[in-house]
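Work through the exercises below with the sequence and the model open. Try each task before reading its solution.

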Amino acid sequence: MSSATIGFICIGMMLVLMAIRIPIALTMAIAGFVGFAWIIAFDPAMAILENAPFETLTNYNFSPIPMFILMGVLASRSKMSDQLFSGARSLFGAWRGGISLAALMSCGIFSAISGSSVATAASMSRVALPEMRKHGYADSLATGTLAAGGTLGIMIPPSIALLLYALITEQSVGDMFMAGLIPGLLGLVLYSVTVTILVRLKPELAMPGEATTLMQKLVGLKGLLPFTSVFVIIIGGIYLGLFTPTEAAAVGAFSTLVIAVKRGMRWAGFLDALKETLVTSAMIFFMILGAEIFGFFLSVSRISFELVDFVDALNLSPYMILFAILLLFMLLGCVMDSIAMLLLTVPVVFPLVQAAGFDPVWFGVVAVITVELGLITPPVGMNVFVIKAFAKDVSIGSIYKGVMPFVISDLVRLALIIAFPVLALGLL
Amino acid sequence: MSGFVRLVDAISRGMLLISGLLVTAMMLIVLADVVTRALFRLTDGSLDLTFIGGIELVRFALLFAILYALPWCVDRSQVVVDLFTENLSERGKLMLESLCFAGYTLLAIGMSIRFWQAIGHAQMSGETSQDLMFPMSYIYAATLLGTFMLALRSLLVTGDRLGKVLGVKA
């Protein structure tokens with residue numbers, strides 16, 4: 001039996017195991033181990049069980065992951081998000097749909113110090129959802145706004161997804177972060193336009209709030225300060241060459257810790273934040289370990305090469321290949337976690353992307369936006385489930401209905417970035 | 001048996017605390033590295049507080065921070081596709097969970113065997129780390145503790161889930 005055939009059998013086995021509720025990390029590890037042992041031999045496969053965890057966990061480039069998570073957790077636990085939301089609300093709250101706009105703006109700014117979409121959605125929902133409901137916002141608009149707003153965390157730097165993509169494909173982490181900035185902000189603008197159009201078409205979706213004076217607006221802006229200062233420290237430090245993007249995570253986490261302590265966080269609160277950080281980090285590293293073992297198998301199975309040859313033989317245009325890959329991402333995104341999907345699929349499709357002549361950094365941005373869609377599309381939208389936890393009386397169907405206009409907005413953004421790569425590559 | 005389960009849980013919690021401290025240490029080491037480097041540059045080299053081995057310390061801190069968190073997190077940090085098993089009975093789900101944790105047990109046993117062998121090899125060859133010259137046998141031994149505890153905790157969680165399926169109290 002050829003290596004590629006064994007490869008496809010093992011990938012099939014992996015999908016079956018995933019479908020019967022076996023954790024994604026474990027299915028990748030099992031398929032990788034069995035496939036490698038089948039193609040090479042059992043003893044070398046056992047060696048992977050030493051190499052994969054040791055090489056992965058002592059890889060300095062992975063060290064920002066727990067730091068970026070810690071930043072988000074500290075910001076959330078020290079209630080920085082409350083101050084941020086009330087600041088944004090003082091700017092837009094009086095407009096029809098203004099609280100939704102404030103929530104979106106808060107999500108965008110919160111994303112600047114949180115690398116995780118789920119953390120962004122959870123932190124902002126806790127503060128903004130009760131306010132929107134209190135002011136008579138339709139459940140679909142309130143929950144849809146927050147589920148979609150949370151996805152900004154995956155694109156606006158620092159982003160764990162962009163970091164992982166950079167490490168998998170050996171791109172510069174700094175370049176990936178810079179490339180994510182404009183598409184992330186574009187997402188924020190398009191989401192805001194979506195809310196504005198929605199409330200224009202259906203005014204009953206949201207009521208105008210209380211007007212605020214100029215002084216209240218200026219005071220409210222103070223709420224944005226902690227976030228902007230941490231963001232400026234991170235991005236400014238990288239730009240000025242004071243530290244590397246890898247080191248920026250630790251600097252950012254420390255800056256956020258200082259703000260959290262100033263806001264009253266004590267030892268017990270810090271320990272709780274560390275615990276939450278480790279639970280999330282362990283989840284990501286379980287998947288990275290599984291993907292690493294799977295990666296050893298992928299390289300000996302030569303599946304990627306077979307795939308490139310196969311696609312070559314089909315004589316498809318580069319853009320048809322791109323659309324096929326994005327369609328695959330969208331389909332997988334419906335049932336799979338975004339980070340898991342990136343770890344699983346990027347090593348397989350990346351050679352295809354390179355062979356088609358696409359810029360790897362630009363493709364990373366396009367891939368992450370597509371993966372991001374999976375966070376809010378049915379049946380498995382992680383952000384939707386997070387919002388559901390905060391709005392137990394709202395049906396999942398109603399949240400998905402609210403999210404749909406934002407999905408369209410994301411598709412528009414995707415089309416714009418495919419049509420105008422400069423949107424992603426302009427800052428490089 | 002329940003006393004042993006409690007002991008393993010307590011050790012896992014203790015290891016999680018060590019993980020937390022290591023994450024903090026990682027942050028402070030990188031910060032110290034950045035600050036001393038900046039001072040060196042600002043003073044044109046007259047104030048040299050830079051130190052060797054910062055990257056290596058962070059690498060090992062990351063290794064143990066994550067590895068020592070895994071035993072406690074093994075049943076708390078998993079991502080599953082539950083679309084196709086949503087309507088399965090609770091018993092069926094527990095059965096599948098026991099299968100999953102049995103898988104983790106085997107995986108962690110495999111890792112432990114390899115790290116056990118790695119300790120022997122490192123002792124014989126006198127292998128040390130690159131910058132700080134730590135004996136690698138110690139590093140592998142500390143790694144083995146993490147994978148062994150992961151195997152033990154996964155085994156106990158498997159037993160717990162199977163016990164629930166069979167209606168037996170662990």
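This is a predicted model: local features need pLDDT of at least 70, side-chain atom pairs count only at pLDDT 80 or more; totals for chains, interfaces and linings use all residues.

Residues are numbered from 1 along each chain as its sequence is written, chains are lettered from A and ligands numbered from 1 in the order in which they are written, and side-chain values use heavy atoms, with hydrogens and water left out.

**Exercise 1.** Find how H9(A) and H17(A) are oriented to each other, and which residues make the contact.

Solution. Step 1: locate helix H9 (residues 160–169) and helix H17 (residues 338–355) of chain A; helices are DSSP runs of H or I with at least four residues, numbered from the N terminus. Step 2: their axes come within 10 Å and cross at roughly 30°. Axes are lines fitted to C-alpha atoms over the stretch in contact, and angles run from 0 to 180 degrees between N-to-C directions. Step 3: angles under 35 degrees count as roughly parallel, over 145 as roughly antiparallel, 65 to 115 as roughly perpendicular and the rest as oblique. H9(A) and H17(A) are therefore roughly parallel. Step 4: the contact (heavy atoms within 4.5 Å) includes A:Leu164 and A:Ile168 of H9(A) and A:Leu343 and A:Phe350 of H17(A).

**Exercise 2.** Classify the orientation of H9(A) and H10(A).

Solution. Step 1: H9(A) packs against helix H10 (residues 173–201) of chain A at about 140°, with the axes 9 Å apart. Step 2: H9(A) and H10(A) are therefore oblique to each other. Step 3: among the residues in this contact are A:Leu163 and A:Ala166 of H9(A), and A:Met176 and A:Gly180 of H10(A).

**Exercise 3.** Describe the backbone at A:Pro158 and A:Glu170.

Solution. Step 1: the peptide bond joining A:Pro157 and A:Pro158 is cis, with omega about 0°. A:Pro158 is in the loop between helix H8 (139–150) and H9 of chain A. Step 2: A:Glu170, in the loop between H9 and H10 of chain A, has a positive phi near 60°. Step 3: for reference, most residues other than glycine have a negative phi, and most peptide bonds are trans.

**Exercise 4.** Find the partner of A:Glu131 in a salt bridge.

Solution. Step 1: a salt bridge is a side-chain nitrogen of Lys or Arg within 4 Å of a carboxyl oxygen of Asp or Glu. Step 2: the partner is A:Arg89, with the closest N and O atoms 2.4 Å apart. Step 3: A:Glu131 is in helix H7 (residues 117–134) and A:Arg89 in helix H5 (residues 80–92) of chain A, 42 residues apart.

**Exercise 5.** Describe the interface of chain B and chain A.

Solution. Step 1: 58 residues of chain B contact 53 residues of chain A. Step 2: the two chains bury about 5,100 Å², 80% of it on carbon and sulfur atoms; buried area is the accessible area (1.4 Å probe) lost on being put together, summed over both parts. Step 3: two salt bridges are found across the interface. A:Glu247 and B:Arg37 form a salt bridge at 2.8 Å, N to O.

Terms used:
Helices (H or I, at least four residues) and strands (E, at least two) are DSSP runs, numbered from the N terminus.
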